[in-house]
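Subject: Structure for your review

Dear colleague,

Please find the structure below, followed by an account of what was found in it.

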Amino acid sequence: MKKSQISIQFHWIFILIAGIIILGFFIGIALRQKTVSEKRLALDIKEKFNEIFAGAGVSESTAIEIAVPKVEIEFSCIGNVSRYILKDEGVSQDTVHDIIFAPDLVKSKSTIITWAMPWKMPFNVQNFLMITSPDVRYIFVYSYGGQGIAMDLMNATPDTITKEMYHVNDIENIFDKKNSRVRFVFLQIRPQMPADFKGVDDEVVSAVEIQPNRYVQFYKKEGNSFEMKSYPTDSFDIIEGDNVIVYAAIFAGDIEMYRCNMAKAYSRLSYVAGIYKERAQILKQKHIEIEGEYPVCSFYYVPDGFDELINGAKTQNKIMITGGARKIRNTNEGLERTCACPVIY
Amino acid sequence: MKGLNALAHALLYIKMRTKKSQLKMTETIAILVVFFILLLFGLVFYGQYQKSSLAKQEERFFEGRAVASSLKTNFMQEIRCEDEPTGTCIDLYKFDILKNKIEEPGSDYARFYSNLFYGMKVSIENLISDYFDGAVLYESPVNWTRKTAVQTPVILRDVTAVAGDGTYIKKEYFGVLNVEIYR
């Protein structure tokens with residue numbers, strides 16, 4: 001072989017190696033850049049959700065439909081640790097002090113729905129934030145006695161959520177529409193599984209049974225039927241007139257999320273009530289000093305109910321909470337009737 | 001003689017060819033070196049750009065977190081006036097009670113609210129009246145390198161003020177709720 005021929009071959013091999021190195025270099029940079037961009041985008045989305053949830057959490061009694069990118073958010077609250085995870089992006093955010101009720105999976109095609117409701121016991125304690133998406137389907141099923149309550153609940157929930165109402169006799173007319181999550185809300189009746197849902201994945205379908213002013217019960221789909229996920233002694237008594245916790249039960253993914261968030265709510269209640277108790281004592285003292293021998297306002301500042309409320313909140317005793325809240329509300333109404341006395345709350 | 005001349009020519013030709021190919025090789029290597037130097041420059045510039053854009057993004061997150069924390073603080077039932085749904089009114093009694101409760105060492109309140117206000121300083125400032133200057137609700141004991149503050153104009157309300165005719169009035173002062181976030 002001639003030397004010039006060897007030289008030409010060597011030349012081409014040299015170009016090939018150099019080309020591979022250069023190409024590899026650029027591919028490496030592109031791959032790295034892709035990973036970095038994805039990570040940054042995920043963090044960006046997480047921060048945006050933080051801001052969205054913070055804003056939504058303070059917008060009392062307002063349902064907001066928020067345009068977001070196509071995203072899947074997993075919500076959980078186990079023990080005392082609550083968080084949401086952006087599934088595809090792999091980033092999570094702890095929500096230690098926020099009270100969020102949401103399905104375990106919220107799939108957004110283009111929007112999510114937030115709804116903040118103030119929890120009053122009897123004063124404002126904290127807003128409950130409900131999060132869902134139009135892809136989650138809520139089906140209210142009522143019996144003869146429960147139509148009024150079903151209507152009330154349907155009308156009170158935001159129009160933007162996907163909701164339907166059926167009489168229990170029409171339950172077989174409910175068909176699966178391939179939603180990511182389906183929540184049945186049975187009013188004053190035991191849950192029954194519509195035939196069309198028997199083949200649907202267990203994790204997709206769940207139910208709550210609401211017995212107004214008595215309790216809510218959680219159910220999970222197991223095969224062809226609903227299985228109770230709380231025991232009778234563990235059911236949640238509904239505090240009379242407190243509809244917010246009924247909505248919380250409707251929106252909560254499962255019993256664990258409901259229990260965990262309610263524990264946070266009761267804990268916060270004990271702190272807020274402690275502040276109101278001390279405020280009432282200070283107001284009483286102030287008015288004794290101002291009014292002297294002729295008590296007007298100071299007569300009404302009886303800290304009755306606060307100890308009961310605080311102890312009830314600490315032990316999660318709904319009877320004590322209801323009793324304490326009622327006494328405080330009565331005292332406050334007395335103050336409102338008496339001209340110009342500063343109210344307790 | 002003729003043969004020798006031809007050999008010398010041939011040798012000279014080969015030498016020239018070798019030199020020429022060596023020259024070509026050196027030229028190629030030089031081009032590659034220049035190419036990689038330019039690439040390196042590009043990478044350094046890109047790295048710097050990425051670094052500054054990352055810093056900007058972090059700054060944006062930090063500001064966003066500050067606004068979210070400030071919003072949540074404004075609407076905290078523990079300090080806000082009950083009848084003001086807009087989060088722009090602070091009840092001075094509630095503020096003072098919470099402040100004292102947080103300051104009790106080892107109390108449940110100290111534990112809960114130091115966790116809630118971690119990395120924050122929350123204070124109010126009275127802007128007009130000389131009734132009082134202001135107060136700090138909580139200041140997080142963290143070593144910080146950077147801080148940002150969000151100030152919200154608020155009404156500071158004293159519910160037990162007494163008017164000249166002896167009736168109770170709500171006395172209100174114009175102030176600012178300061179929420180500082182540390183990093």
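This is a predicted model: local features need pLDDT of at least 70, side-chain atom pairs count only at pLDDT 80 or more; totals for chains, interfaces and linings use all residues.

A:Gln188 is partly exposed, because 19 other C-beta atoms lie within 10 Å. The cut-offs behind this term are as follows: a residue is buried if 20 or more other C-beta atoms lie within 10 Å of its own, exposed if 12 or fewer, and partly exposed in between, with C-beta atoms placed from the backbone. A:Gln188 belongs to the loop between S11 and strand S12 (205–211) of chain A. Helices (H or I, at least four residues) and strands (E, at least two) are DSSP runs, numbered from the N terminus. The phi of A:Gln188 is positive, near 60 degrees, in a residue other than glycine.

Residues are numbered from 1 along each chain as its sequence is written, and chains are lettered from A and ligands numbered from 1 in the order in which they are written.

Other backbone features of chain A

A:Lys178 also has a positive phi, near 60 degrees, and is a residue other than glycine. A:Lys178 sits in the loop between strand S10 (162–167) and strand S11 (181–187) of chain A. A:Lys178 counts as exposed because it has 9 C-beta neighbours inside 10 Å. The peptide bond from A:Met121 to A:Pro122 is cis, and its omega is near -10 degrees. A:Pro122 is in the loop between strand S7 (111–120) and S8 of chain A. For background, most residues other than glycine have a negative phi, and most peptide bonds are trans.

Helix packing in chain A

How do H4(A) and H5(A) pack? Helix H4 (residues 255–291) and helix H5 (residues 306–315) of chain A meet at an angle of about 160 degrees, and their axes are 8 Å apart. Axes here are lines fitted to C-alpha atoms, for helices over the stretch in contact, and angles run from 0 to 180 degrees between N-to-C directions. This makes H4(A) roughly antiparallel to H5(A). Angles under 35 degrees count as roughly parallel, over 145 as roughly antiparallel, 65 to 115 as roughly perpendicular and the rest as oblique. The crossing of H4(A) and H5(A) is left-handed, a term used if the near helix is turned anticlockwise from the far one by less than a right angle, and right-handed if clockwise. Residues that make the contact include A:Tyr266, A:Leu269 and A:Ala273 of H4(A), and A:Phe306, A:Leu309 and A:Ala313 of H5(A). Two residues are in contact if their C-beta atoms, placed from the backbone, lie within 7 Å. By type, the residues of this contact are eight nonpolar, two polar and two charged. Ala, Val, Leu, Ile, Met, Phe, Trp, Tyr, Cys and Pro count as nonpolar, Asp, Glu, Lys and Arg as charged, and the others, Gly among them, as polar.

H5(A) also packs on H6(A): their axes come within 7 Å and cross at roughly 150 degrees.

In H5(A), the buried residues are A:Phe306, A:Glu308, A:Leu309, A:Ile310, A:Gly312 and A:Ala313. Their cover includes H4 and helix H6 (318–337) of chain A. After H5(A) comes A:Gln316, with a positive phi near 55 degrees.

The contact of chain A with chain B

Chain A gives 28 residues to the contact and chain B gives 26 residues. On the side of chain A that touches chain B, helix H1 (3–57), strand S8 (124–132) and H4 are the elements that give two or more residues. H4(A) provides the largest share of that side, nine residues.

Chain B

Chain B has three helices and five strands. Of its 183 residues, 23% count as buried.

Yours sincerely
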